[in-house]
Amino acid sequence: MNLRPTFDPSLIKRPAPQLLTYYIIIAVLTLPAIFITLPLMWLRYATLQYSFDKDGISMRWGILFRREILLTYRRIQDIHLTKNILQRWLGLATVSIQTASGSATPEMSIEGILEAEELRDYLYKQMRGAKGQLDPSEDEAAKESHEDETTLLLQQIRDNLAKLVTIQETPA
């Protein structure tokens, strides 16, 4: 019996508050560059927004230089889940999404997610559904259905050929 509520990515609009803590720790580790990195990371955290809908994913951030990435589930080629030691300590993860763009870097990195495994599984499911692939259980049923249709078609062809042969063999 599953008592966990179902995962709904459409409820994810902003990164978890732990991401700001993570950004502050990273900025402190840059030592003298903290005065540059901390404001930049705070602005990124303050403006970072996600949107998951039936067609794809949207991610936007920035104030002066506003950036937005839109990905449809059809374009997704691979999904990676990473957690460094600080992220594990804070309960965070980064879900990196790659497309067939030919770039070595991910097309989109969704940061500050607490339910990273659930999000990865959801994205895989959407990716397979967008490409017309079925779940393994559905795939087996579809295969059996196609085999039945193929068998019926072959039997009809056999019967029609037999009728054609008997018609040609009967004297006129």
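Q: What is the relative accessible area of Arg60?
A: This is a predicted model, in which local features need pLDDT of at least 70 and side-chain atom pairs count only at pLDDT 80 or more, whereas totals for chains, interfaces and linings use all residues. Residues are numbered from 1 along each chain as its sequence is written, and side-chain values use heavy atoms, with hydrogens and water left out. Relative accessible area, computed with a 1.4 Å probe and protein chains only, sorts residues into buried (under 20%), exposed (over 50%) and partly exposed (in between). Arg60 falls in the partly exposed class, because its relative accessible area is 23%.

Q: How many salt bridges does a search of the whole structure find?
A: Among them is the one between Asp121 and Arg120, at 3.4 Å from N to O, where Asp121 is partly exposed at 43% and Arg120 is partly exposed at 25%. Another joins Asp55 to Lys54, with the closest N and O atoms 3.4 Å apart; here Asp55 is partly exposed at 46%, while Lys54 is exposed at 69%. Over the whole structure, the number of salt bridges found is seven.

Q: In what order do the three strands of the open sheet stand?
A: Strands (E, at least two residues) and helices (H or I, at least four) are DSSP runs numbered from the N terminus, and two strands pair if DSSP finds at least two bridges between them. E1 runs antiparallel to strand E2 (residues 56-61) and is joined to it by four bridges, while six bridges join E2 to E3, also in an antiparallel arrangement. The three strands form an open sheet with antiparallel pairing, in the order E1-E2-E3.

Q: Which strands stand at the edges, each with a single partner strand?
A: In the open sheet, the order is E1-E2-E3. Two strands have a single partner strand each, so one side of each is left without a neighbour in the sheet: they are E1 and strand E3 (67-72).

Q: What does the twist average from one strand to the next?
A: The three strands E1-E2-E3 form an open sheet. Axes are lines fitted to C-alpha atoms (for helices, over the stretch in contact), and angles run from 0 to 180 degrees between N-to-C directions. From one strand to the next, the twist averages 10°.

Q: Which residue in E2 does Phe52 stand opposite?
A: A hairpin of three residues joins E1 to E2, and the two strands run antiparallel. Across this pairing, Phe52 stands opposite Ile57.

Q: How much accessible area does the nonpolar patch with Leu64 have together?
A: Leu64 lies in the loop between E2 and E3 and is exposed, with a relative accessible area of 76%. Patches are made of residues with over 30% relative accessible area and no salt bridge, like charges being joined within 9 Å and nonpolar side chains (Val, Leu, Ile, Met, Phe, Trp, Tyr) within 5 Å; accessible areas come from the Shrake-Rupley method with a 1.4 Å probe, and for residues only the protein chains shown count as cover. Trp42, Leu43, Ile63, Leu64 and Phe65 form the surface patch, and their accessible area together is about 640 Å².

Q: Which residues does Gln126 touch, not counting residues up to four places away in sequence?
A: Gln126 is found in helix H4 (residues 116-130) and is partly exposed at 21%. Contact means heavy atoms within 4.5 Å. Leaving out residues up to four places away in sequence, Gln126 touches Lys54 and Tyr73.

Technical notes
Salt bridge = Lys/Arg side-chain N within 4 Å of Asp/Glu carboxyl O.
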